Amino acid sequence: MPIFGPPKFFNNGGEKQVLNVSTGGLSIDNGDILNQLGLNGDYVSADDALHDSDVYAIISRLSFDLVSADMTSTSQKADAILKNPTPMTNQLAFWQSIFAQLLLGGEAFAYIWRNKNAQVRSLEYLRPSQVQTMRLADGSGLIYNATFDEPSTGFVQAIPSADMLHFRLMSSNGGKTGISPLSSLSDEFKIKREANRLSLASLAKSVFTPGVLKVGVEKGGLQGAVEKTALSRSFMTRLNASNGGPIVLDELEEFTPFEVKNDISKLLASTDWTRNNIAKVYGVDDSQLNGKGDQQSSIQMQMEQYIKSLRRFAVTIEAELSNKLHGTVKLDLRPVYDILGSNTAREVAALMKEGALTSGEAKYLLKERGYLSQDFPNIPETNPRFIKEGGTNIDNDT
């Protein structure tokens, strides 16, 4: 069944007037995001933002965990699209790209391709820089102008909202567009950039000037620049020839090596606070960025807090997918915090201990969650607590 392209509607200022409400497109791959944050110089693109280890760590971690969640829909057709969204790449690569863009820029777009029967056939990722969000002046909805990479499709106007997945984080205009979390870090990025430059300059001076060589003054006269330069070169020749061994000096020479001063060490550590701020705007503990975190919190407590933060983004994704794909979509985060199933096993064991579950029900749950294989044998019950009077096994009755 063929896939039809989007209709090319053109707005000529007729019946439907539109207002531009687009944020301007903070995109992973178009070099706009940090430029729009008012930063110049080295930090001018989203690619550079991802070169920042702290930004990369949080975007990579959150997007990977979101794509690791079990995404399902009550609609079979919608579920099939979630599992195979595009012929261009695999499911995980496509959704991680969408989620990473959403986290970085506050918005993410995917065009919904339909067949001649208006059924969803596939999704196409669009950079925010390719999309212009427009509000109909009569308040009846949103439409989109988009520039597709395929020359055969090109620029398309007035794409209806039903044909565009538009994910957005916190909004300042009633949910029409989203705000990038990084937009609150403009000052932090500027300070970090300058602190990095100062640290590198200080380190360079310390590294390239290894120390001070003092030479005794004879006959009360100071040596000239030529003699001093020759002595420096001679000393460096001996230093390099020593291959890491001790340097032999005569009585008239004294060498004092430079050390990395405490203030330079402070410079190297002065940008640690930006890690905390980056984690803060994404609602996660700085321990997720290999920071110290809360030393009083257990690993379990930290994971529970992280899952709560991750859930905020999952709800945003669920809402848009459920609205546009016409089926309730859920992101089950259990695979994120219970990769090995040990948490599920402990919870089931605790419920059994409290008498809330029978052993048969517990095995059913463990099979459903993947902790036990589906062909795990039904071993006869031996625990008297779960055997009815007369020796009947409860599991065999159900």
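The expected span of a helix is taken as 1.5 Å times one less than its number of residues, and helices (H or I, at least four residues) and strands (E, at least two) are DSSP runs numbered from the N terminus. In this predicted model, local features need pLDDT of at least 70 and side-chain atom pairs count only at pLDDT 80 or more, whereas totals for chains, interfaces and linings use all residues. Residues are numbered from 1 along each chain as its sequence is written, and side-chain values use heavy atoms, with hydrogens and water left out.

The chain contains 14 helices and 12 strands, and 37% of its 398 residues count as buried (under 20% relative accessible area, with a 1.4 Å probe and protein chains only). Among contacts (heavy atoms within 4.5 Å) in the chain with a separation of 6 or more, 62% are accounted for by residues 24 or more positions apart.

Helix α3, formed by the 16 residues 53–68, reaches 22 Å from its first C-alpha to its last, close to the 22 Å expected at 1.5 Å a residue. Its buried residues include Ile-58, Ile-59, Leu-62, Asp-65 and Leu-66.

The axes of α3 and helix α10 (residues 299–325), come within 10 Å and cross at roughly 70°, the axes being lines fitted to C-alpha atoms over the stretch in contact, with angles from 0 to 180 degrees between N-to-C directions. The two helices α3 and α10 are therefore roughly perpendicular to each other (65 to 115 degrees). Arg-61, Leu-62, Asp-65 and Leu-66 of α3 make this contact with Met-303, Tyr-306, Leu-310, Phe-313, Ala-314 and Ile-317 of α10.

Key:
Buried means under 20% relative accessible area, exposed over 50%, partly exposed in between (1.4 Å probe, protein chains only). Angles under 35 degrees count as roughly parallel, over 145 as roughly antiparallel, 65 to 115 as roughly perpendicular and the rest as oblique.
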